[in-house]
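Please review the pockets of the model shown below, with attention to their volumes and to the residues that line them.

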Amino acid sequence: MLETLTIHDSGSGARAEFLPGRGFTCCSATLLAGDRLVELVWCPEGFREPGARASSGGIPILCPYPGRLASTSMPFEGRTFELEPVDPLGRPIHGFTHDRPWRVLEASEAAVTAEFQLSRDAAERLPRWPADFRLTARWSIAGSQLEGRFTLTALGRMPAAIGLHPYLPVPLRAGGDAEACLLDVPARLWQPQQELLPVGPLAASSQRAAFPGRMPLAGRSFDDVFTGLDVRDAAGSGPEVVTAVIDRAAGLAAELAFDRVFSVCVLFTPPHREAVCIEPYTVLPGADAFDPQRGWKLLDEGESLTAMVRFRLVPLPPEA
């Protein structure tokens with residue numbers, strides 16, 4: 001069993017658990033919803049065992065690329081970098097940070113910060129990327145909210161992206177009906193795909209789903225890329241994109257809000273139908289080149305990419 005690190009909010013009873021030994025993945029987040037505590041994170045049985053697949057549950061942190069790349073050979077400024085074939089079709093997927101140990105830098109009752117550096121924590125992968133990098137993540141909890149702040153710092157010139165792969169449980173109440181839940185993604189554009197790689201230009205999201213807005217989960221399966229995300233101003237948080245799993249029978253919405261640096265949302269429904277993944281990415285996945293027009297940040301040494309996410313449990317009004 002992997003060692004678990006816990007943070008909690010003593011006032012509300014909210015708590016979150018992390019696996020520093022495998023990707024600093026959040027493997028549980030029990031948040032306050034009205035007068036009760038509700039689990040916001042889904043994990044499969046045995047997820048805390050050393051042999052579990054790192055991206056099969058929890059909230060994996062994906063860097064320096066989330067999702068797939070088109071090839072195991074990726075060019076960058078006159079050099080070619082050879083990446084590991086990982087997905088069933090032999091493509092690289094989800095980067096270097098989610099399946100390796102991180103180092104805890106600071107921990108308090110309600111917050112924890114950890115760090116991954118490629119040359120130190122996965123040195124054999126260093127030749128596979130244009131430069132070394134350091135990724136720092138800080139999680140904090142308070143009542144109905146779990147917040148994550150991420151800073152990716154280049155230690156040489158490199159392409160950069162960050163993503164998360166959160167598994168949100170459906171339904172949100174034991175004994176409920178997963179198929180009765182709704183998905184809310186404020187996306188206006190959809191990336192058509194063939195064999196899970198992009199083909200053709202972006203299309204209206206309505207060609208794939210009833211977005212922007214709410215859509216029933218019933219009978220729908222996704223492994224799709226959405227963008228053109230609407231941003232709204234939130235009190236105390238500034239501009240953010242807000243997505244949600246809505247369980248009207250439970251009277252709850254599980255919200256995932258994120259900074260607009262996350263310009264892409266991947267929606268994935270695992271075959272087991274016990275969770276939905278709403279995945280914020282800073283880049284359109286499936287690249288055959290590190291194209292800034294698809295969201296890639298080209299960082300010089302010492303430059304950083306920063307991002308923030310907020311997971312919230314929100315009681316629904318009676319009419320919702």
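A pocket, worked out on a 1 Å grid over the protein atoms alone, is an open set of points where a 1.4 Å probe fits, with protein on both sides within 12 Å along at least five of seven lines, and its lining residues have an atom within 4 Å of a point. Grid points are joined across faces, edges and corners, and a volume is the space filled by probe spheres set on the points. This is a predicted model, in which local features need pLDDT of at least 70 and side-chain atom pairs count only at pLDDT 80 or more, while totals for chains, interfaces and linings use all residues. Residues are numbered from 1 along each chain as its sequence is written, and side-chain values use heavy atoms, with hydrogens and water left out.

**Largest pocket**

- The largest pocket holds about 700 Å³ of space, and among the 37 residues that line it, Arg 53, Ser 55, Arg 68, Ile 93 and His 94 lie nearest its centre.
- Two or more lining residues come from each of the strands (DSSP runs of E, at least two residues, numbered from the N terminus) β18 (197–198), β21 (223–229), β25 (264–268) and β26 (275–281), with β21 giving the most, 3 residues.
- This lining comprises 18 nonpolar, 10 polar and 9 charged residues, where Ala, Val, Leu, Ile, Met, Phe, Trp, Tyr, Cys and Pro count as nonpolar, Asp, Glu, Lys and Arg as charged, and the others, Gly among them, as polar.

**Second largest pocket**

- At least two lining residues each come from β23 (238–247), β24 (252–258) and β28 (304–315), and β23 contributes the most, with 5 residues.
- The lining of the second largest pocket divides into 10 nonpolar, 1 polar and 6 charged residues.

Notes
Helices (H or I, at least four residues) and strands (E, at least two) are DSSP runs, numbered from the N terminus.
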